[in-house]
Amino acid sequence: MTERPDPYAPSGVWRTLESGAAGLLALLWVLPLAYAVWAAFHPAEFTTRFVLLAPLTLENFERAWAAAPFARYFLNTFILVTLILACQLVLCTLAAYAFARYAFIGSNVAFALVLAQLMIMPDVLIVENYRTMSRMGIIDTIPAIALPYVASAFGIFLLRQTFKTVPKELDDAARVEGATPLQVLLKVYVPLAKPIYVAYGLVSVSYHWNNFLWPLIVTNSVEARPLTVGLQVFSSGDQGIDWAVICAATLMTSAPLLLGFLLFQRQFVQSFMRAGIR
Amino acid sequence: MTSRLTATIHGWLLLLPAMALLALFTHWPAVATFIDSFYSTPRPRRPARFIGLDNYATIAADPVFWRSLWNNLIFAAGTIPISIALAIVMALWVNDRIAGRTAIRMAYFTPTVLPMIAVANIWLFFYTPQYGLLEQVTGALGFSSHNWLGSQDTALAAVTVVAIWKEAGFFMIFYLAALQSISPSLAEAAALEGASRWTFFRRVQFPLLMPTTLFVLVNAVINAFRMVDHIIVMTRGGPDNATTLLLYYIYQVGFNFWDTTYAASLTTVLLALLALAAFIQYGVLERRIHYR
């Protein structure tokens, strides 16, 4: 497909004006982040003094790293997002396959019950879910953070829409060859849905890396706390207002996602698009 | 007949793990929230008892509840239209072949991948009296010092700005995808008819973006009632409940005051609001979009 000229593409002065306005807004949009980078990499006395040749330092990062068990928090968050994603992929794949290819009794009711979660989100049901977790005796554990999110209506819906586009003939052909339903799922459907899995994976990982309220409620020890909660405990604690150190800690917690985003910008943007369009 | 039976057994078996977890952590809690709202909170030596609508009577007479509801409506009225309008403008700009569009698109989208809790810390610093960047700028321009988060008048607006900043780039992505799927021949036809760019946007692009707008609107409404991370970091609902949102109030009642059944009643109100919003969006708006 060759690109056809857009008759409404701005030209001349208009193009300059539009580029300028868009650039200005972009500058405004990265300003908070740029400010945090400035504060984190300079000694505290330059936090609000913008001198071009201010000395660079990594001391703020060292102090933040030493002041709180960030290594443990990183590990916890890593375990958390991996656990959630792995369980989500298995459960959502199975459920989506049922909805896409089985004309079973009660499927409409079941689908409506799944979609109900899009409105009644786990984020809102914090009081009851906390009681459930304490009855199960798993308060302050990583599984307690993960459990409410594992059966994801969004994931089931997304994969169902994708599986429905797989030609029925491929499915039939595999069955004629003697494949069991699960083999068909693994050999035909899953490989064809790979881009959607990547998209869903990126959305899920960034959501749970950043999730805060529920982990804050169910955890109260270093052993279970994810990064976001750890950062909050750190920055609201007896740290005072040493902004340079807090900015360093803030950048540290966002760094993996931010670096991933900068490196795989296209995939990120396309994944969020794919996940939203269906 | 037997094949339908087999399909049903297989279907439900495949569904079983997901359904069990949904029942345990979505359906049952929703029902239990509703039931609990009719009971008193159990205390040591005073077990829970049925109190009918007492909790709801308390809500009706609770000034903090009304304040948080009002705050939340203002927060929604601020974040939803502004972030959607900004998202459309951003998408139109990035869709045109302007200079540095890749970098600009990246700048708009970056807040989406950052944890709200982390960026709220940065914004907190931004707003800090005397020391923060905002103060330095307004100070250099000769304005008097102002405590943005500490003042009743500006605290809610200050946290609303953070929410808009966080969301607009995320919504832009969906508009960008929709704009790119509009056939270029429409623009050619409109140009032949001599339509101005504004007319082309208003009569062609904007109507074609309506399904995207509905999708984004649903997300924006849900987010307006779900976003509380930045409140916890920046203001803790203060000053004097000026920034208390509904979910934050539920969190406070449930986990600071440990009044669980009152928190359950508040949750029921929030769920009813979300249901109402969903009804309006799907029942009313969607019909208008399709039949226009």
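Predicted model: local features only at pLDDT ≥ 70, side-chain atom pairs only at ≥ 80, totals over all residues.

Modeller: A helix here is a DSSP run of H or I of at least four residues, a strand is a run of E of at least two, and both are numbered from the N terminus. Chain A, for its part, has 14 helices and zero strands, and its order from the N terminus is α-α-α-α-α-α-α-α-α-α-α-α-α-α. Chain A has a radius of gyration of 24 Å, well over the 19 Å that the globule rule gives for 278 residues, so chain A is more spread out than a compact globule.

Along the principal axes, the C-alpha atoms of chain A fill a box of roughly 75 × 65 × 30 Å. The C-alpha trace of chain B spans about 80 × 80 × 30 Å along its own principal axes. For chain B the radius of gyration is 24 Å, whereas a compact globule of 292 residues would have a value near 19 Å. In chain A, 44% of the 278 residues count as buried; in chain B, 42% of the 292 residues do. Among the contacts in chain A with a separation of 6 or more, 76% join residues 24 or more positions apart. The corresponding share in chain B, for residues at least 6 apart in sequence, is 70% joining residues at least 24 apart.

Two helix pairs of chain A show the packing in detail. In one of them, helix 2 (residues 59–67) and helix 13 (residues 243–263) of chain A have axes that come within 8 Å and cross at roughly 80°. Angles of 65 to 115 degrees count as roughly perpendicular, and helix 2 and helix 13 of chain A are therefore roughly perpendicular to each other. Helix 2 of chain A brings Asn60(A), Phe61(A), Arg63(A) and Ala64(A) to this meeting, and helix 13 of chain A brings Ala244(A), Val245(A), Ala248(A), Ala249(A) and Met252(A). By class, the residues of this contact are seven nonpolar, one polar and one charged.

In another pair, the axes of helix 3 (residues 70–101) and helix 10 (residues 194–210) of chain A come within 10 Å and cross at roughly 140°. Helix 3 and helix 10 of chain A are therefore oblique to each other, and their crossing is right-handed. On helix 3 of chain A the contact residues are Thr77(A), Leu80(A), Val81(A), Ile84(A), Leu85(A), Gln88(A) and Leu89(A), and on helix 10 of chain A they are Tyr197(A), Gly201(A), Ser204(A), Val205(A), His208(A) and Trp209(A). This contact between helix 3 and helix 10 of chain A divides into eight nonpolar and five polar residues, with no charged ones.

Packing also takes place between the chains. Chain B contributes 77 residues to the contact and chain A contributes 79 residues. On the side of chain B that touches chain A, helix 1 (residues 2–36) of chain B gives the most, with 20 residues. That side of chain B consists of 58 nonpolar, 13 polar and six charged residues.

Key: Residues numbered from 1 in each chain as written. Chains lettered and ligands numbered in written order. Contact = placed C-beta atoms within 7 Å. Nonpolar A, V, L, I, M, F, W, Y, C, P; charged D, E, K, R; others polar. Rg over C-alpha atoms; globule rule 2.2 N^0.38 Å. Buried ≥ 20, exposed ≤ 12 C-beta atoms within 10 Å, placed from the backbone. Axes fitted to C-alpha atoms, helices over the stretch in contact; angles between N-to-C directions. Parallel < 35°, antiparallel > 145°, perpendicular 65-115°, else oblique. Left-handed = near helix turned anticlockwise from the far one by under 90°.
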